[in-house]
Amino acid sequence: MTDRSVVAVTGASSGIGQATALAFAAAGWNVACGARRLDRLEEVVDRARSTGAVALSEKLDVTAPDSVSSFFEAVLATFGRLDAVVCNAGTAVPGTIAALEASDILRVIETNLVGSALCAQAAVRHFLRTETPGDVVFVSSDSVEKPFPSMVPYVASKAGLEHLAVGLRAELMGTGIRVSTVRLGPTLTEFGTDWDMDAAVELMRMWKRHAVMPSRAVLDVEAPALAIVGIVSAPRGTEYRLVSIGPTTVDEAEEPERGEA
Ligand SMILES: NC(=O)c1ccc[n+]([C@@H]2O[C@H](COP(=O)([O-])OP(=O)(O)OC[C@H]3O[C@@H](n4cnc5c(N)ncnc54)[C@H](OP(=O)(O)O)[C@@H]3O)[C@@H](O)[C@H]2O)c1
C-alpha cells in the first residue's frame, strides 16, 4: 500500500478535473484519473507523474454503474487505499425543457447527479469498510442560485447534487468522513464548447431577458483546483461544507455590452 494519500478525480480528462488532479499530484498525493477519453487522461497522468506522483488513468463513464465499480476496483487494486473522491464529471445541454430531447435531459441528470451519487457511494463504502476518515467533494455550480432558463436540467441536477451532499453528510455523522460541496462561478474550460451554436445564442438571449447573465469575469481552473486540495487538506475536526468560489467582481457598467466587444 502506498504511503501517499490517494484521490480519485472524475472527469479528469479536461478542465477543472484535470487541474484538480494535477494540483493534488503537486501537493504530494497519488491520483486516480477517470473519464471516457482515455487519450486525454493519459496526457494528464503523464503530467502528474512528472511531479513524482503515482498516477492511474482508468476509463470511467459515471452514468454506467458497472463502469463506476470497475473504476474503483482498479483504484484499490493499484494503490491499496483511497482517501478522497472528487465528483467533478459533468455536462450540460442548452435548450428549453420544451425543446430538449428526452435523451439530453437524461444524460445531464444521469451524469451530474446520478453519476456523482454512484461515485460517492463507491468511495463511501470503501471508507466505511476500512474506517478511513475520507473526503467526498462534489463540484456544483452557482447556477443553483438563479433560475437560468434554457439550462433547467443542468441547474436541477446541481441543486440535487447539493442536497445529496447535505443528506449524505447526515448519514455519515460520527464516521469522520467529510462531505464538501464546491459551488463554482464561470470557469474557463471546454465546458459548452460542443454546444449547438443556435441553442447557445438562444440561451444568452434568455439569460439577458431574465437578468441572470453571469459576469464577464471568469475563473482560471487553478482556482477551484487549489480550493479543493485545501478543503481536503483541512485539519481533521474541520469540515468545509459549502464553498462558493467566483471571479473577483468587476464593474459590469464599465464593461462593453456583450456582442459589442
Ligand atoms: N466551467 C464552468 O464554468 C463551470 C461552472 C460551474 C461548475 N462547473 C462544473 O465543473 C465540472 C467540470 O466541468 P469543466 O468546466 O471542467 O468542463 P469540461 O472541461 O467539459 O470537463 C468535463 C469533464 O467531465 C467528464 N465527463 C463528462 N461526462 C462524463 C461521463 N459520463 N463519465 C465520466 N466523465 C464524464 C469529461 O470527460 P470525458 O468527456 O473524457 O468523459 C470531462 O473530463 C462539471 O461538473 C461542471 O458542471 C463548471
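The legends below describe close-up views of a predicted model. Local features are given where pLDDT is at least 70 and side-chain atom pairs count only at pLDDT 80 or more, while totals for chains, interfaces and linings use all residues. Residues are numbered from 1 along each chain as its sequence is written.

**View 1. The sheet is open and has 7 strands.**
The strand order is β3-β2-β1-β4-β5-β6-β7, and the pairing is parallel. Helices (H or I, at least four residues) and strands (E, at least two) are DSSP runs, numbered from the N terminus. Two strands pair if DSSP finds at least two bridges between them. β3 (55–59) and β7 stand at the edges with a single partner strand each, so one side of each has no neighbour in the sheet. From one strand to the next, the twist averages 15 degrees. Helix α3 (residues 65–79) packs on the sheet and touches β1, β2 (30–35) and β3. The direction of α3 makes about 155 degrees with that of β3. Such angles run from 0 to 180 degrees between N-to-C directions, and axes are lines fitted to C-alpha atoms, for helices over the stretch in contact. Two residues are in contact if their C-beta atoms, placed from the backbone, lie within 7 Å.

**View 2. Strand β6 (residues 178–184) is largely enclosed by the rest of the structure.**
The strand is described this way because 7 of its 7 residues are buried. A residue is buried if 20 or more other C-beta atoms lie within 10 Å of its own, exposed if 12 or fewer, and partly exposed in between, with C-beta atoms placed from the backbone. Arg 178, Ser 180, Val 182 and Leu 184 point one way from β6, and Val 179, Thr 181 and Arg 183 point the other way.

**View 3. β6 pairs with β5 (residues 135–141) and with β7 (residues 242–245).**
β5 and β6 run parallel and are joined by 7 bridges. β6 and β7 pair in the parallel sense over 4 bridges, and Val 182 has Val 243 as its bridge partner in β7.

**View 4. Ser 13 is in the loop between β1 (6–10) and α1 (15–26).**
Ser 13 counts as buried because it has 25 C-beta neighbours inside 10 Å. Leaving aside neighbours within four places in sequence, Ser 13 is in contact with Gln 18, Ala 35, Arg 37, Arg 40, Leu 41 and Val 44.

**View 5. There are 29 residues around the ligand.**
Gly 11, Gly 15, Arg 36, Arg 37 and Gly 90 come nearest. The elements that give two or more residues to this shell are α1, α4 (102–130) and β5, and α1 gives the most, with 3 residues.

**View 6. Glu 131 and Ala 211 have a positive phi.**
Most residues other than glycine have a negative phi. Glu 131, in the loop between α4 and β5, has a phi of about 55 degrees. Glu 131 counts as exposed because it has 10 C-beta neighbours inside 10 Å. Ala 211, in the loop between α6 (197–209) and α7 (222–232), has a phi near 55 degrees. With 7 other C-beta atoms within 10 Å, Ala 211 is exposed as well.

Terms used. A residue is near a molecule or strand if its C-beta atom, placed from the backbone, lies within 6 Å of it.
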